[in-house]
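Morning, everyone. I'll take a few minutes on salt bridges. Please look at the structure as it comes up.

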Amino acid sequence: GREAERREDKTRKEKRREEESRREEHARMISLTRRQGRVLMSVSVFCGLLGALILFYQALYPNAFLTVAPPRAPPRNTPAALAPVPADSFLPACEGMSCAPDYIPVSEVHLAYTELNTAITVSWHTPIATASSVVLLGTPQPQGANLTNAFSGSSSSYMLSAGFNHHVRVSGLEPGRLYSYVCGSPEGGWSDRTVFRAPPPATRRNTTFVVYGDMGAEYSEGTAARVENAVQS
């Protein structure tokens, strides 16, 4: 009789241990599921907030997610494969108020002296990035002469919604000589063809110039007026 009682007691203990083990395993699974749920909830909330932030930022700055043109190698200051080409080929693709769908307007073209009187820097602005920044150079005479030299540069943007600024160094100029040029890119379009005179031969003379800085994105009218007044006075 005692042997039977011992076997029954042993069986009850084993069943009790198995039941406790099942309860512990069940509790661990519930805890793990809850932790996973909290993690997924946190990720979901984070993604939702990030998406809302991106939409809000994109609404404020529609062009903020444009791809910036990658840096290009410094200009080699040698004729490129683009030249020689008839000058008429470089007329802008924009006629009046009607523009080709792929035309990228070129604006704010200006020239700057360099440390040499045989070189200048041509700068301009486009509303979006272009694959290249190019200046095509030639002589204004005879009428309709080819633009036989091409120079490449780079572009950058300090605020993507404000567009891109392009800079190309043109070298090998003859001091004081008149040149004809266009700037832009083959894939985006070109500026109007116009002329400039290379810096004069080296000489000693008095020079007056204005130095100023302005972001140019907003509220720059006052700066422009002050510069114009300084130049005229």
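Start with R23 and E19, which sit four residues apart in helix α1, residues 2-60, so about one helical turn separates the two. Their side chains meet in a salt bridge, at 3.6 Å from N to O. Keep in mind that this is a predicted model.

How exposed are these two side chains? R23 has 48% relative accessibility and counts as partly exposed. E19 is partly exposed as well, with a relative accessible area of 33%.

Next pair: R28 and E25. Both lie in helix α1, three residues apart, which is about one turn of the helix. R28 forms a salt bridge with E25, and the closest N and O atoms are 2.4 Å apart. As for accessibility, R28 is at 47%, which counts as partly exposed. E25 is at 37%, and that also counts as partly exposed.

Now to E174 and R177. These two form a salt bridge as well, with their closest N and O atoms 3.7 Å apart. E174 has a relative accessible area of 45%, so E174 is partly exposed. For R177 the relative accessible area is 36%, and R177 is partly exposed too.

Back to the pair we began with.

Terms used: Residues numbered from 1 in each chain as written. Predicted model: local features only at pLDDT ≥ 70, side-chain atom pairs only at ≥ 80, totals over all residues. Heavy atoms only, no water. Salt bridge = Lys/Arg side-chain N within 4 Å of Asp/Glu carboxyl O. Buried < 20%, exposed > 50% of the residue type's maximum accessible area, 1.4 Å probe, protein only.
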